[in-house]
Amino acid sequence: MGRVRTRFAPSPTGFLHLGGARTAAFNWALARKEEGDFILRIEDTDRERSKKQFEEAILEDLRWLGIEWDEGPDRGGPYAPYRQSERGEIYQSFIARLKAENLIYPCYCTVEELEEERKKALKMGKAPRYSGRCFFLSPEERKEKEERGIKPSWRFRVPRGKEIVLEDLVRGKVVFHTNSLGDFIVLKSDGAPTYNFACVIDDALMDISHVLRGEEHLSNTPYQILLYQALELTPPLFAHVPIILDEERTKLSKRRGEVSVRFFREEGFLPEAILNHLLTLGHSFPDGREIVEGEELYTLFSLERIGKGGAIFDLSHLNWWNKTYIRRMDIRELEEKLTPWGGEEIREFKKELGEERFYLLLDLVREESVTLKEIAERLRDYISVKEEKVEDEEKLQVLKFLLSSLNDFPVPWEEEEVKKNLRRWQKESGFPPSIFYPVLRWALIGAEEGPELDRLLVALGREKVLEKIKAKVGDNGNSTV
């Protein structure tokens, strides 16, 4: 085997989907493992839907994940250009060759005619495929259609009675019969190449050795192999990996916004957690390892460890990965990563509490949180003071008692002292633990369940705790303070 060259070829018609990111991760990992090249190519022949901002977003999200490429539209390379929209002359030269050898023919069928043909085949219980009727048009009939201004697409004439054998690196031997394949379009009526045609030309000319892609592309493969054979080009090795399914075992849909990398990025998931998770969707690391970091993400990657069954994207698993990475992170690095979710406000919190107590609180909050965004929101809730009139008399009495007890408690607070006094205060208050502790926690964080109270009190400090309780008691507490 020569030098390994893999590629990821997204269409810039939307943000990077998790399925696309998994494809990129697999191709990147194989190239890095084999010390080969990973190529980024932009398939932007869909002129209406392709947008420059989506291309830029895809590149940005790949880099954010830690997936870097050796050749691509932004950095060039020996096989440039790397945008299909800039490779028109290359495609036309191969189209001219196919025309000269009578391997393709013009098709004048309208969308409506093709749809009618499809419905008729389905009604007869047959698999819908193009009948090839334009192949049999006479020169006079073709001339008449062109004089009417009908611009043809160009179809490849599929030879009948042949078997196409694919030795797939994941699925093993797959056999296709050309009798079940219809003549397929290689050039649209607007002059744009189709996916099946353009990717064959690009993969061959860019010397791609391996194509790892979702199994939904398996049905495209026989058409592409026919083109490789017709043009006497060397095909790459194919590996069709299982599609990603959601928790209900249906295909993870692009129409759900929450399956884009951008969504998870904006929600505060870490790139290393997402990349780690992507490389376990349909692929397993040795010894059942789940947390894999650094170079091992690709050195431990193996085509032999890609399964055939559907890969399940389970948000709870990604949450676990993210929590694990957040808890293992250096506290100062974590502070820095919170910047997009309110950096200036967080710096003010740190100044208000002091560095030591701020880091105590941050450490406490990250144990309760899944994402960076959630940590920032919890910090805001834990530190901000919200006035809220207490109507419940029992709750009000607990808070009044706490104001009186806390005023007499010396500073600085130590965790063991706070823990011991919390138990004492609860007994002296006359309220059971099931009421006393939830009321105190509600006054501090707005919820009756949450972090350990002794650690929370130490992190917030006496003045902040008193301030938050007073905001709940209001004028009702003046007589006790």
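Start by selecting Arg7 and Ile39: Arg7 stands opposite Ile39 in strand E2. Now widen the selection to strand E1 (residues 5–8), which runs parallel to E2 and is joined to it by 4 bridges. Two strands count as paired here if DSSP finds at least two bridges between them. Helices (H or I, at least four residues) and strands (E, at least two) are DSSP runs, numbered from the N terminus.

A word on what is on your screen: this is a predicted model, where local features need pLDDT of at least 70, side-chain atom pairs count only at pLDDT 80 or more, and totals for chains, interfaces and linings use all residues. Residues are numbered from 1 along each chain as its sequence is written, and side-chain values use heavy atoms, with hydrogens and water left out.

Stay with E2 and show its side chains. Asp37 and Ile39 point one way, Phe38 and Leu40 the other way, and all are buried. Buried means under 20% relative accessible area, exposed means over 50%, and partly exposed lies in between (1.4 Å probe, protein chains only).

Next, select Asp37, which sits in E2 (residues 37–40). Why does Asp37 count as buried? Because its relative accessibility is 13%. Its side chain makes a polar contact with the side chain of Arg3, at 2.8 Å. A polar contact is a pair of N or O atoms within 3.5 Å; within protein, one must be able to donate a hydrogen and the other to accept it, and residues adjacent in sequence count only if both atoms are side-chain atoms. Leaving out residues up to four places away in sequence, Asp37 touches Arg3, Val4, Arg5, Thr6, Ala31 and Asp70 (contact means heavy atoms within 4.5 Å).

For another strand pair, pick E5 (residues 163–168) and E6 (residues 172–177), which run antiparallel and are joined by 6 bridges. A hairpin of 3 residues links E5 to E6, and Val165 stands opposite Val175 in E6.

Now jump to helix H19 (residues 453–460). Because 8 of its 8 residues are buried, H19 is largely enclosed by the rest of the structure. Show its surroundings: the buried residues of H19 pack against helices H13 (343–353), H14 (355–368), H15 (372–383), H17 (415–429), H18 (433–445) and H20 (462–473).

Color the largest nonpolar core next. It has 56 residues, and those with the most contacts inside it are Leu361, Leu362, Leu379, Leu399, Leu444, Leu456 and Ile469. H18 gives the most to this core, with 7 residues. Such a core is a set of buried Ala, Val, Leu, Ile, Met, Phe, Trp, Tyr and Cys residues joined through side-chain atoms within 4.5 Å. Center on Leu444: among the residues it touches beyond four places in sequence are Leu453, Leu456, Leu457 and Leu460. Apart from this core lies another, of 47 residues, including Ala21, Leu30, Phe285 and Leu297.

To find the largest cavity, select its lining: Leu18, Ile274, His277, Leu278, Leu281, Phe313 and Leu318. Helix H9 (residues 271–278) gives the largest share of that lining, 3 residues. A cavity is a set of points on a 1 Å grid over the protein atoms alone where a 1.4 Å probe fits but cannot get out; lining residues have an atom within 4 Å of a point.

Finish at Gly309, in the loop between helix H10 (296–299) and strand E11 (311–312). Gly309 is partly exposed, at 46% relative accessible area. Select Gly282 too: the two C-alpha atoms are separated by 7.3 Å, although these residues are 27 apart along the chain.

Definitions and conventions
1 Å grid on protein atoms, 1.4 Å probe; cavity = no way out; pocket = protein on both sides within 12 Å on 5 of 7 lines; lining within 4 Å.
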